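Here are some friendly notes to read alongside the structure. Take the points in order, and keep the 3D view open as you go.

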Amino acid sequence: MKIISALRQSVYGWIMILRNEAGWQERFRLTRAGLVTALVLFYLFAFLSVVLASLDVGVPTLQGLFDIMLIQSLWLVALLAGVFGTRFALRDTGAVLPIVIPGIYGLIYYLVLGTLISFAFGILLPILWLGLGWLLFCLGRRGGGWTIGVSAAFAVLTVVLLVGTPLTLYMLTAPVPAA
């Protein structure tokens, strides 16, 4: 039940981040254990998303499931690339967990909402990307303590990586038509 509590507390923490309220850090466990909890929840919801999506097309093979989960892991890589790329550009030496852990929970919400929206109204996904950009911008401002410009660059970089990386991989693995 601690996992459900962690998810509930993360929702409260994100509401506090978006409202620019103090004390949002207490809603997230900003420790290694909190990071593990966030990762477990991310992979749990990624697995459930795959199961839900496979109801229409059939159950993937074990190799197919592994490949899909690997592609879902690229979202975490995109978040980390955005965080560490921004920190490198700023030569920031502050703590990483106050950005990464809420960011993973933000990706969980994006995954759940994206799965539900793609089934009902796939055309609305770009609006969801804008919402994710806003979440990441607020996270950069509160979690990283970055300026407006740096937070906007972090949000844009991360969303472009989140959206572009899986699409690029799909295009690379598609068969090439004969000349």
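**Notes on the predicted model**

1. Let us begin with how the chain connects to itself.

2. Next, the secondary structure. The protein chain has six helices and zero strands, and its pattern along the sequence reads α-α-α-α-α-α. If you like to colour by secondary structure, helices are what you will find to colour.

3. Now the overall dimensions. The C-alpha trace spans about 55 × 45 × 30 Å along its principal axes. The radius of gyration of the protein chain is 17 Å, and this agrees with the value near 16 Å that a compact globule of 179 residues would have.

4. What about the surface and the interior? The accessible surface of the protein chain is about 10,400 Å², and 73% of that belongs to carbon and sulfur atoms. Buried residues account for 37% of the 179 residues.

5. Helix 5 covers residues 125-142, which is 18 residues, and at 1.5 Å a residue it should span 26 Å. Several residues of helix 5 are buried, including Leu-128, Leu-132, Gly-133, Phe-137 and Cys-138.

6. Is Ser-10 buried or exposed? Ser-10 lies in helix 1, and its relative accessible area is 0%. Buried means under 20%, so Ser-10 counts as buried. Leaving aside neighbours within four places in sequence, Ser-10 is in contact with Arg-27, Phe-28, Tyr-105 and Tyr-109.

7. Glu-21 sits in the loop between helix 1 (2-18) and helix 2. Its relative accessibility is 32%, and it counts as partly exposed because that class lies between the 20% and 50% cut-offs. Glu-21 and Arg-142 are 121 residues apart along the chain, yet their C-alpha atoms are separated by 9.2 Å.

8. How many salt bridges does the structure hold? There is one. Glu-21 forms a salt bridge with Arg-19, with the closest N and O atoms 3.7 Å apart. A salt bridge requires the nitrogen and oxygen to be within 4 Å, so this pair qualifies at 3.7 Å. Arg-19 counts as exposed, at 59% relative accessibility, whereas Glu-21 is partly exposed.

9. Finally, look for a nonpolar patch on the surface. Which residues form this patch? They are Leu-52, Leu-55, Val-112, Leu-116 and Phe-119, and together they have about 440 Å² of accessible area. Helix 2 (32-57) and helix 4 (97-120) each supply at least two residues of the patch, and helix 4 gives the most, with three residues. Leu-55 is found in helix 2. Leu-55 has a relative accessible area of 63%, and since exposed means over 50%, Leu-55 is exposed.

Terms used:
Residues numbered from 1 in each chain as written. Predicted model: local features only at pLDDT ≥ 70, side-chain atom pairs only at ≥ 80, totals over all residues. Heavy atoms only, no water. Patch = residues over 30% accessible without salt bridge, like charges linked within 9 Å, V, L, I, M, F, W, Y side chains within 5 Å. Areas by Shrake-Rupley, 256 points an atom, 1.4 Å probe, with all protein chains shown as cover. Salt bridge = Lys/Arg side-chain N within 4 Å of Asp/Glu carboxyl O. Helix = DSSP H or I, 4+ residues; strand = E, 2+ residues; numbered from the N terminus. Buried < 20%, exposed > 50% of the residue type's maximum accessible area, 1.4 Å probe, protein only. Contact = heavy atoms within 4.5 Å. Rg over C-alpha atoms; globule rule 2.2 N^0.38 Å. Expected span 1.5 Å × (residues − 1).
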